[in-house]
2 protein chains.
Amino acid sequence: MADLKPVKPLSGFIELSPEKQRVFDYAANKIKKVFETAGFVHLDLPAIERAEVLGGGSDEVSTQIYFFEKGDTKMGLRYDGTIGFARYIAGHQQGIFFPFRSYQFAKNYRGERPQKGRYREFYQMDIDIIDENSLSENYDAEIIKVMSDGYASISDLIGEVVVRIGSRSFWNTAFNYMELDSNKSNDLFVLIDKKDKLSDDDFRLSLIDLIGEKKSEEVIAFLSTDYSKINTKNNEIKLEIDKLNQFENKLKALGLKNYKIDLSIMRGHGYYTGVVFEFFLKNYPEMSAIGGGGRYENLCERFSKKQFIGVGGAIGFSRMMVALLDEDKIKTDTSFADVTLLIMNDNCLKYSLEIIEELRKANVKTIPFLDTDKKFKKQMEFANKINAKFAIIIGEYEVKNNQISLKNMKTGEQKTLTMKDALAEILK
Amino acid sequence: MADLKPVKPLSGFIELSPEKQRVFDYAANKIKKVFETAGFVHLDLPAIERAEVLGGGSDEVSTQIYFFEKGDTKMGLRYDGTIGFARYIAGHQQGIFFPFRSYQFAKNYRGERPQKGRYREFYQMDIDIIDENSLSENYDAEIIKVMSDGYASISDLIGEVVVRIGSRSFWNTAFNYMELDSNKSNDLFVLIDKKDKLSDDDFRLSLIDLIGEKKSEEVIAFLSTDYSKINTKNNEIKLEIDKLNQFENKLKALGLKNYKIDLSIMRGHGYYTGVVFEFFLKNYPEMSAIGGGGRYENLCERFSKKQFIGVGGAIGFSRMMVALLDEDKIKTDTSFADVTLLIMNDNCLKYSLEIIEELRKANVKTIPFLDTDKKFKKQMEFANKINAKFAIIIGEYEVKNNQISLKNMKTGEQKTLTMKDALAEILK
């Protein structure tokens, strides 16, 4: 016999137990339902793209892409939902209607060093609204609300969620007013983005290093004051504050509750241009953002000469769910059926098969033990492992009398009934 | 500006329109529901496996695998549901219960030459029941019934399905009786498998070439006679016929209707050892099998010293659905919402956002047009494209009177109502 092959999946790849997978699927379906009720259509894009579509620069993500060749074609695996989406929009602009709203729920691939909370294959839930040339900022508010509704639909599993909302355009205006060149601005975006990870002192010193003491004081004042109380004589900054205030009113009209305007929210990606936002779990403040997004311009510029403007976000679905499941912060149910069906001997098989058909027709989740040669003890062991609410036992007595024996696996109580009465008891 | 990147997906990769995707998802969810009601748990296995797990022999499939490297690790994309399943069972035998029943709905990858009905990325729905050491053939009947129920759950889309059921063990016994060596047997399996693609004469001549005239007559007699009327003096073949008869009775007890015992069904794969079966669409007899499966032994032999015996099948989901959708054999609905909401000007925004929230809370699929600067004509164009059943129009009159204008997009009738009455009308 040849050597046995390894049975574990590759490091960084998720393989959930059946009971965890069930919770995972339940949560995904709940959120999808919210997105669909808000009119977002499902896009299921290929996991493989041309290498030139994925890019191949020298930034961190590029080094993580799985590239390969087949024949003359260089290709690679998708590493986020954005690139395929941009290509899709540019390619299908004739066939779809704008503003176009869609969601994705797909596996992404990144060959990064496996570590806690990081996977090489993971699901992300992307949601976007995009239009040609212009898109009202009212949609930004709508996206935030719909994503919040998505999280809220699984609050039984994850608890409450808070969304922190920042504004790239506020900072662009402020940096302009401070007369920072674009290099400094970019470095400053990155520094503010990292603020939560630094001590106040370290943040302050890095800030002074970058833009000097006076401007640092201004930045710190912007960050430490409730945005509506920011004191400035600059009219353009005042306008940005007004815009934020109007934005907040839209969120309120949409019924959004757990939010906070927080100017330290930046999002890493360079392509955001307006509102940016991040979602956090209230019960697990130590966990980093479980999702986020923002407004972007020119998303399709690599694929089309037309300008497409959009607002979008992503839920880090595997990251969030697998972390909570693995740390037992979500309880799982180990009952795999409503009914297990046990059969005393081969003479009872035909009758039992008819019973199985009747149960399933009535939508009763039924797992039969069909090996009639096995001892009853072995069959009961199986029933216990399945952890069904009921066991149905079919022996010659039941067949002869056209009845079934129904055992309540919790109470141990057992009755012999007609199928009709048994069904009523099971569905009760 | 740099050259624009291609917007089309790679050849052989599927990108459905939103209305087709919706039907595709509807069908997948229907079948999943049937599998879950029969107690099959969802397995979501990685799309990437170690190269040594995928194998890499010289057969046709191996040349189609997408292999690649990252660091020192050689890996590749899954090309079917079986290899990962075998690895999973061998690796998780402690944590799961036997007989274990599971389904998969996952993308598989094959770098074959694109042609009609063949894709490089496609969904397959795998379903298996597996046990250690032995597994009653009653489960074979159950799998066939559950798969049939899966297809039946989307009969509104695909029409009726017929399952043709063959028996490898019948032929093994027959070949033994004919004293064919294993090479001849294998060639004969392949030849009978191809029978449908050959003329009767060509089949007969190839048969004679392979096993001579006398044995050919016997094989043709087996194939052309209803199995229950096969005339043989050999007791072992008689026993196989009895077994088939018993198997048929189990299928009947489970309520299976559209089936035919057909000894020409072989399935290509070498690993089948007992019952084999293939599903066909009644309305599209020109289409090849839309799914199939059979009993296998030693599925996990590359991963475990223990013997695991199972019965399983797969629905060629993308193949079936995309073919029917692309040939317009399935009608799609182009209505993307129950309600489109149009807003006359910015003063009506707050009130409108509250209405959106109320509609979605009541599970009314609502797509608002939120760009209040756009002309009404443009907004109505959007409403027409969305093809919603209703348009809600909010102007200053509606805001002032706390009402909404509801337009039935089919009849053109428009009423001004309270939100409560409008909701009742929409949900009617």
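These legends describe close-up views of a predicted model.

**View 1. Strand β11 of chain B is mostly covered.**
The strand spans residues 308-315, and eight of its eight residues are buried. Its residues point in two directions. Phe308(B), Gly310(B), Gly312(B) and Ala314(B) point one way from β11(B). Ile309(B), Val311(B), Gly313(B) and Ile315(B) point the other way. The residues on both sides are buried.

**View 2. β11(B) pairs with β6 of chain B.**
Strand β6(B) covers residues 121-132. The two strands pair in the antiparallel sense, over eight bridges. Look for Asp126(B): its bridge partner in β11(B) is Ala314(B).

**View 3. β11(B) also pairs with β10 of chain B.**
Strand β10(B) covers residues 291-297. This pairing is antiparallel too, with seven bridges. Gly292(B) stands opposite Ala314(B). Arg295(B) has Val311(B) as its bridge partner in β11(B).

**View 4. Eight strands of chain B form an open sheet.**
The order is β1-β5-β6-β11-β10-β9-β7-β8, and the pairing is mixed. β1 (41-42) and β8 (259-261) of chain B stand at the edges. Each edge strand has a single partner strand, so one side of each is left without a neighbour in the sheet. In the strand order, β11(B) sits between β6 and β10.

**View 5. Helix α12 of chain B lies across several strands.**
The helix spans residues 317-326. The strands it lies across are β5 (100-109), β6, β9 (272-281) and β11 of chain B. Helix α12(B) runs at about 145° to β6(B).

**View 6. A cis peptide bond joins Phe98(A) and Pro99(A).**
Omega is about -10° for this bond. Pro99(A) is in the loop between α4 (82-92) and β5 (100-109) of chain A.

**View 7. In chain B, the peptide bond from Phe98(B) to Pro99(B) is cis.**
Here omega is near -10°. Pro99(B) is in the loop between α4 (82-91) and β5 of chain B.

**View 8. Asn298(A) has a positive phi.**
The angle is about 60°, although Asn298(A) is not a glycine. This residue lies in the loop between β10 (291-297) and β11 (308-315) of chain A.

**View 9. Asn387(A) has a positive phi.**
Phi is about 55°, and Asn387(A) is not a glycine. Its loop lies between α14 (376-386) and β14 (390-394) of chain A. Asn387(A) counts as partly exposed because its relative accessibility is 36%.

Note on methods: Residues numbered from 1 in each chain as written. Chains lettered and ligands numbered in written order. Predicted model: local features only at pLDDT ≥ 70, side-chain atom pairs only at ≥ 80, totals over all residues. Heavy atoms only, no water. Buried < 20%, exposed > 50% of the residue type's maximum accessible area, 1.4 Å probe, protein only. Helix = DSSP H or I, 4+ residues; strand = E, 2+ residues; numbered from the N terminus. Pairing = 2+ DSSP bridges. Contact = heavy atoms within 4.5 Å. Axes fitted to C-alpha atoms, helices over the stretch in contact; angles between N-to-C directions.
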